[in-house]
Structure formats: structure tokens, C-alpha cells
Amino acid sequence: MTQHADRRLEKRFDPLLTEKVVFAVGPQHPSLPAPVALNVQADGELIERVYPEVGYMHRGVEHLCQTRPLAQCAPLLSRCDWLSGHFADYIYSNAIEQLYNVEAPERAQWLRTLVLELNRISSHLFWWGQLGLEAGAITPVFWAMRERELLLDLFYELTGSRWHHHWIIPGGVNGEPPLGWYGRVSSALRQVAEAVEHYERFYSDNAIWINRSELIGTLDADFALISGASGPVLRASGVAHDLRRDQPYLKYAEVEFDIPSGEHGDVLDRYRVRMEEIRQSISIAGHCLEELASVGDDAQLRDGEIPEINNETELPKGDVYAAVEGPRGEMGLTLVTNGGAVPERVHLRAPSLYHLFLLDELCRGYLLADLFVIFGSLDIMIGEVDR
Amino acid sequence: MLPEVLQQLVREAGGEPLLLDARNQRAILSDAGNVELMCKKLRNGGFTRLIDFTARHHEADEFEMHLVLRHPDHAHCGLSLKWKWQVKKPAGDAPKESYNEDGGAGQPGGHAPRQAGFASHPSLSRVWPAAGLCEREIFEMFGIPFAGNENLAPLLLDERFRDNPLRKDFQPEKAKTYAESLLEQRDEDAMLEAVGGEL
């Protein structure tokens, strides 16, 4: 327990005699996005401890990946975090490219950067709608889904799939965008940018939202750093770490963008950081569209530079760690191969796992009604926690 | 690439830096016996962020541990460390230890004790608290216990399932038998309930 949490409990101590209760929220609950049990210990309405119990969606993805050719692992990995499938496709492809010591062609890198940012926006929109539900407002989810649908339609045009794409493949991307697609991306981005301003007008001065989020679920920067937090959760606590700037991959080094960060690490800061990230992603995507108008033709490495990864492909021996700044934080893939088609070890670093177990610290001393707002502000994907 | 000062730090901690690419510096710890001390040196030297900690079953009782760290002041490069670890079986009929501490005092929904009987790996959760979760997963998936980690309760698997699925000698048939036994138990419970608790 940190001193911060102690002070909170002391400050909000209820002098009335209340009985401590222990109860489980979930694993099936209307406010939970997927099966997870939150075992809560409360003193009256004040939360004392929260113990997440996970595993209800465990599918043995890592075991499955280690018992079949690597070519069959991509669909398994992208189904761990189904809201940001392109990111899983990227770390899978990047890990294989590291094994072969090759880089995707420049055009493929710009296309990948563009698609990852579109995916980040669509994931953040889903989060925003869901956060509204957690706070008791039903309208935002309809607005968010409306704008998100624009992006899913673009993904469908590009990859033939709305969620599980497999368009980013080892050595490049699986095909050029269809005719007129870039124009439709520009149009969708303009609509999303206008919508985000509309969302902000709805939320920013809303007294109910400010009261529900300001200084609620605060996370100290030091505690966030040692607890494995990453992504918007870490940045909201004032630590401006972002892999896109710290360890630039793809074309992020050639794009100018800001890394938004917060001050208190509360629900409001996490909200503001993600909303600003949507704006930054729109700006990055716009830059990518400009570059793609003039960059070379090849979007895939040629035969001989990297083989087609199929069930018979024998992978070079090695171990690599591929990481990407996902919408929820650092998503990483440890891949160990021993010269055969079946990998020795596949391990997915899921940011949501670390964030879920922050709940005990974040909720301590707050009201039971704050539990779901705090949970929603973390943008947890149970699919990647359970794997 | 990892700045020279950090490469020196890795050497002092007992590791041998191996440059692979501009972003990810790799190092191998040759003397894993002092792994906790080496990790403390790295943390005190500024590697305060643990990104990932996992294991790989090599063969028989041999494992390879993989650790990914970041230095906040040199965030442009990560450090991946790996070392071998041998899990020694106890001699003779040594009593089995329980590594589950029921999740700490007063934890609601605590799990049943889970047993293991091998020599322990020192817990890195005392160096980086984030390692605690990773160690829970490594323990249940590989069976490597961590001395000093107070909570090694199962994370993803059913608490009654006593096998380690990511070991190479894992037999998937066991999981099937286990699932069938759960279904049988459920049918038996339903029947008992229907007849009022007695057959």
C-alpha cells in the first residue's frame, strides 16, 4: 500500500460504524466488457481492496502458438486484442522481419504507419463510448460507434475484414489500397476530427463528468513506472514515454507529433490524454497520406529477400522481442525459434494485464460508484489479459 | 544503440552485452547464481522499468529466462537480458513446499494451495514489483517457483489444474481428462442436488 492510498483512506474515513463486506463484481456483469471477476472488499461504500480474478477467457494462445507452424499463429495473436488487430499483425510481422534481418520497403512502412494510426483512433473511439456507459451516459457510445464505423468500413475495403485483418504481413503489406481509398480516408479523418471537437464540447464543461472524474483513481508517476504501466495510463500520470518517439519504428521519426501527458494521473487525465491522442493520430495519418502520394511503388519485399511464411517455412534460429505502442500501451512479442517451422516460445506482453492489477491501488479509498469509471478509464482488454 | 555507460553497467552487473540492432540491446548473464544481485545493480543503475519477464522450457529441468528492461533516461534503447536456470528436483522424498500464500492476508476469493517441489528462482518482485505478476504466470505455466514472491496463486488456469502447459513434456491429453472430470463432477453435483444431497 502506498502512502498516497493510506492518506486517501484516512481522509475519507467514515466515523459511522459500517460493516466490511466482500463481494464479487463479475465475472458476468453489465458494466464489464468481458468476463473478469473483481473481488471487492468494502467498508460501507468505501473500497478497501480490489482483487481481479482473471482466466475466464483463457484460450491457451501461447501454448497453441508453440505447437503449430508460425504461419498459423498470426490469427491467434490478432484475436487477443480484437479492437486493435493491426497492432498484433505488426508485432508478428516485425518479429519475423527481425529474424530475417530485413526491413519492409518504404512504401509499406508508410502504409503500416497510416493503418496503425487509423486503428488507434478506432480503438480510442470504442473506449470513449464505453467510458460514457461506465459513467452512466448512454449517448456517447452511439456517437462513438457512428464515427468508428467509418474507419471499420475503410478497413473492410482495404483488408476484406472489419476486425481481424492480417493485412500487415512479414515483408510488407498484403496488397495496395483500392482506387479512391486515400480520398475516403481523408474524408473520414475530417469527420472524426469534427466529431472529437463535438465530444469535447459535450464532456469538457460537463459538471457531472468533471465531478465523476477529477482526482478520482489517481495514479502516482513513480508507482505507475514500477508497476509496469505503459501507454496512455502511464502518460496520464505525467511520464511522457511513448515508443513511437523513444524508439521510433516505421516512419514515426519522420513525422512531427506531440506526446500528451497528464498531471494527476486521475480518470480525467486519462480521458484528456486519449482524446488528444486521437487528434495527434489524425495529424499523423494526414502526414502519411501526403507522403504516400509520392513514395515508391513496392509495398512488399521481393522473393528472395524474405520467404513466404507458410506451414513448411523453416525459420532462422534466434530470439527476438518486437514491440509496438498500442492503443492500450506497449504490446510486445517474444519469439524464440530453433530452426524449424514451429516456434520454441511465443509470449505476448499484454499492457492490460498490468493495468488491470493497478485497480487495487487506484480504487482504494474511493466510492463503489467510482469503481467502473476507474475501470473504464484504464481501457482494459480482457482478451489480451487472458490470452 | 545502448550508450557506453549502460554497456559498462551491464558488464558490471555480470552480463555480456551483445548488440543486435539499434533499438534492442541484448545481453546474456553468464552467472545466473547471482541474478538477484545483478538485477539490483541494473535497477540502481537506472533500469527502473520492467517491461516483460518470461521463461522458455529448454529441455528436462533447464529453462531460459527472458527479461526486458527500459532505462527512463535512455528510453530510446531497451535491454533484453536472458539467462539459463536449472530447476533441481529435491532429493529423495523431500517434503513438497507450498508456494501459495493464499494471496496475502484477508484476500477475498483466495485460491487453494498449489504445490511444487523444486528449487526456487529468486523473486525479482523485490527489485521490480511488476515482476510479481510475471512470476505468477511463469510458475503456473512452467512450474518454476520463486522464493520471496508471496503470491504465486494461479493467474490464468483453474486452481485445481496441476500441470504446466508451456513445458515441453506437457501432455494435452491430461487437460482433456481434467476437463472431462470437471464435467463428471458437475453431473454428480447436479444429481446429488436433485435427490436432496444423498444417493
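Helices, of at least four residues, and strands, of at least two, are DSSP runs numbered from the N terminus. The legends below describe a predicted model.

**View 1. Helix 15 of chain A and the residue that follows.** Helix 15 of chain A spans residues 370-377 and is mostly covered, with eight of its eight residues buried. Among these buried residues are D370(A), L371(A), F372(A) and V373(A). The list also includes I374(A), F375(A), G376(A) and S377(A). After helix 15 of chain A comes D379(A), which has a positive phi near 55°.

**View 2. The salt bridge of R328(A) with D81(A).** The closest N and O atoms of R328(A) and D81(A) are 3.0 Å apart, and the two residues form a salt bridge. R328(A) is in the loop between strand 6 (318-326) and strand 7 (329-337) of chain A, while D81(A) is in the loop between helix 3 (73-78) and helix 4 (85-100) of chain A, so the pair ties together parts that are 247 residues apart in sequence. R328(A) counts as buried because its relative accessibility of 2% falls under the 20% limit. D81(A) is likewise buried, at a relative accessible area of 3%.

View 3. R244(A) forms a salt bridge with E117(A), with 3.3 Å between the closest N and O atoms. This pair links distant parts of the chain, 127 residues apart: R244(A) belongs to helix 11 (residues 243-246) of chain A and E117(A) to helix 5 (residues 106-134) of chain A. Both R244(A) and E117(A) are buried. A network of salt bridges links E117(A) and R244(A) with R120(A), R235(A), D242(A), E277(A) and E325(A).

**View 4. The salt bridge of E147(A) with R146(A).** Here the closest N and O atoms are 2.9 Å apart, in a salt bridge between E147(A) and R146(A). E147(A) is buried, with a relative accessible area of 6%. R146(A) is partly exposed, its relative accessible area being 45%. Over all chains, the count comes to 34 salt bridges.

**View 5. A negative surface patch on chain B.** E180(B), E184(B), E188(B), D189(B) and E193(B) form a negative surface patch. One of these residues, E193(B), lies in helix 4 of chain B, which covers residues 172-194. E193(B) is exposed because its relative accessible area of 66% is over the 50% limit.

Conventions: Residues are numbered from 1 along each chain as its sequence is written. Chains are lettered from A and ligands numbered from 1 in the order in which they are written. This is a predicted model: local features need pLDDT of at least 70, side-chain atom pairs count only at pLDDT 80 or more; totals for chains, interfaces and linings use all residues. Side-chain values use heavy atoms; hydrogens and water are left out. Patches are made of residues with over 30% relative accessible area and no salt bridge: like charges are joined within 9 Å, nonpolar side chains (Val, Leu, Ile, Met, Phe, Trp, Tyr) within 5 Å. Accessible areas come from the Shrake-Rupley method with a 1.4 Å probe; for residues, only the protein chains shown count as cover. A salt bridge is a side-chain nitrogen of Lys or Arg within 4 Å of a carboxyl oxygen of Asp or Glu. Lys and Arg count as positive and Asp and Glu as negative; His and the chain ends are not counted. The place of a charge is taken as NZ of Lys, CZ of Arg, CG of Asp or CD of Glu. Buried means under 20% relative accessible area, exposed over 50%, partly exposed in between (1.4 Å probe, protein chains only).
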